[in-house]
Amino acid sequence: MAPPLLSFTLSLPPFLRPTRTSNPTPIRSSSMDPHSHSPPKRVVVCGGGVIGVCTAYFLAKKGAVVTLVEKSSVACAASGKAGGFLALDWCDGGPLESLARASFNLHRTLAAELDGPESYGYRPLNTLSLTVTEYQTSKAHSGKSDLPGWVDGPGRSPRTIGTTATTAQVHPRLFCRTLISKAVEVYGVKVVIGKVEEVGVVEGRVESVVLEGGRVIKSDAVVLALGPWCGKFEILSSLFRVYGLKAHSIVLRPKEPEAITPHALFLSYYSAQGGKPLDPEVYPRPTGEVYICGMSSEAEVPDNPEEIVGNPESIETLKRVASNVSSHLREGEAEVKAEQACFLPCTDDGRPVIGELPGIKGCYVATGHNCWGILNGPATGAAMAELVLDGQASIVDLSRFSPARFVGPRKKGLGH
């Protein structure tokens with residue numbers, strides 16, 4: 001039986017307005033010397049996605065005076081259109097293992113602190129893989145005990161690939177906005193809506209951030225957490241390449257949402273037209289909605305995230321996937337709440353870039369998290385806060401993610 005459905009209402013502070021008159025209140029943490037008479041560090045975080053929001057949150061919690069600059073609105077791009085799937089051990093054996101494990105556990109801690117289940121749909125869930133072969137007329141399975149009852153399309157070969165101990169989910173937009181609301185109201189973060197034009201550097205050290213229109217924000221450090229838009233900055237593109245992987249998704253609201261149990265599905269989907277199988281994913285949410293994503297390809301990143309629209313063929317394919325997975329998700333049985341696309345930030349070596357830029361004191365970058373941005377946002381933000389304020393991260397070793405890896409012989413062919 002599916003758990004009771006949740007209704008989320010989030011009272012947002014006025015952080016989406018272009019200006020703010022109140023002064024941020026620094027919160028001093030135990031990690032800072034209480035006898036020090038030096039003023040708190042001023043940090044500008046550029047980018048209002050999950051990486052920027054988490055970084056701003058943990059910086060302010062540790063005592064920095066933080067300004068977050070976002071061009072459009074918080075979580076308006078990939079961080080608002082992602083699936084919000086979390087996995088403890090799916091990155092084991094690779095360069096992301098320690099980051100992913102630390103962040104999965106930090107998600108659990110944040111959910112306890114911020115009432116995640118009620119605030120942004122945090123919940124552990126079981127995860128299955130299965131094969132679906134598309135037919136002109138789907139033949140529903142009857143009474144199969146190895147699949148949830150609502151998965152009544154032509155699915156076969158189910159396998160458990162995650163349990164409530166190892167996989168979970170959040171509603172990504174609500175997660176980001178809950179976190180930034182807390183950061184604004186409790187830790188004094190100031191949010192400014194504006195476009196970053198350049199980072200002011202004097203004698204090899206960050207001095208300010210300049211916005212479109214000429215506004216200058218003085219700072220001791222800047223964190224560039226702009227997702228695929230990091231590639232628009234020469235200060236970064238001259239060192240490494242960040243490109244956008246355009247991913248599509250739809251959100252459905254079935255007529256009988258109480259029938260949908262918390263099982264995430266990872267599919268091998270064979271189209272009736274033949275060809276290689278697709279790999280869409282299906283995430284029921286505690287709101288009663290069902291999120292389906294897939295159909296990814298590299299594409300040019302537009303300047304304005306609000307201008308991103310999905311390719312009609314990709315959206316139609318996802319609708320066909322939905323109807324073949326479950327009769328509850330077919331046309332007429334489910335309302336289409338969203339048809340959308342977003343750009344995942346990717347790097348050439350498949351690793352995120354997290355650290356201080358070589359040769360520019362106080363200029364940091366955090367991008368390139370690909371499909372694991374929501375999972376790895378908290379640990380990235382916490383580690384970045386430690387790096388900026390303490391000079392070294394303790395929650396996770398950031399050395400393998402440093403932008404310094406692109407300097408020297410390896411730089412050739414990785415930049416623009």
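Hello everyone, let's begin with one residue. Leaving aside neighbours within four places in sequence, T347 is in contact with R241, Y243, V353, G368 and R405, where contact means heavy atoms within 4.5 Å.

Before going on, a word about what you are looking at. This is a predicted model, where local features need pLDDT of at least 70 and side-chain atom pairs count only at pLDDT 80 or more, while totals for chains, interfaces and linings use all residues. Residues are numbered from 1 along each chain as its sequence is written, and side-chain values use heavy atoms, with hydrogens and water left out.

Back to T347. You will find T347 in strand 17, residues 334-347; strands (E, at least two residues) and helices (H or I, at least four) are DSSP runs, numbered from the N terminus. Is T347 buried or exposed? T347 counts as buried, because its relative accessibility is 5%. On this scale, buried means under 20% relative accessible area, exposed means over 50%, and partly exposed lies in between, with a 1.4 Å probe and protein chains only. The side chain of T347 also reaches the backbone oxygen of R351, at 2.6 Å. Along the chain, G244 is 103 residues from T347, yet their C-alpha atoms are separated by 8.9 Å.

Now to some strand pairing. Two strands pair if DSSP finds at least two bridges between them. Strand 13 (residues 242-254) and strand 16 (residues 290-298) run antiparallel, joined by seven bridges. Strand 16 also pairs with strand 15 (residues 281-284), again in the antiparallel sense, over four bridges. Strands 15 and 16 form a hairpin with five residues between them, and G288 in the turn has a positive phi of about 95 degrees.

Staying with strand 16, have a look at M295. M295 is not a glycine, but has a positive phi of about 55 degrees. With a relative accessible area of 25%, M295 is partly exposed. S157, in strand 6 (residues 155-162), is another residue other than glycine with a positive phi, near 55 degrees. S157 is partly exposed too, at 49% relative accessible area.

Next, helix 8, residues 373-390. How far apart are the end C-alpha atoms of helix 8? They are 24 Å apart, which agrees with the 26 Å that its 18 residues should span; the expected span is 1.5 Å times one less than the number of residues. Helix 8 has a kink of about 25 degrees centred on A379, the bend at a residue being the angle between axes fitted to the seven residues ending there and the seven starting there. Helix 8 is mostly covered, with 16 of its 18 residues buried. Just after the helix, G391 takes a positive phi of about 90 degrees.

Note on methods
Polar contact = N/O pair within 3.5 Å; in protein donor to acceptor, adjacent residues only side chain to side chain.
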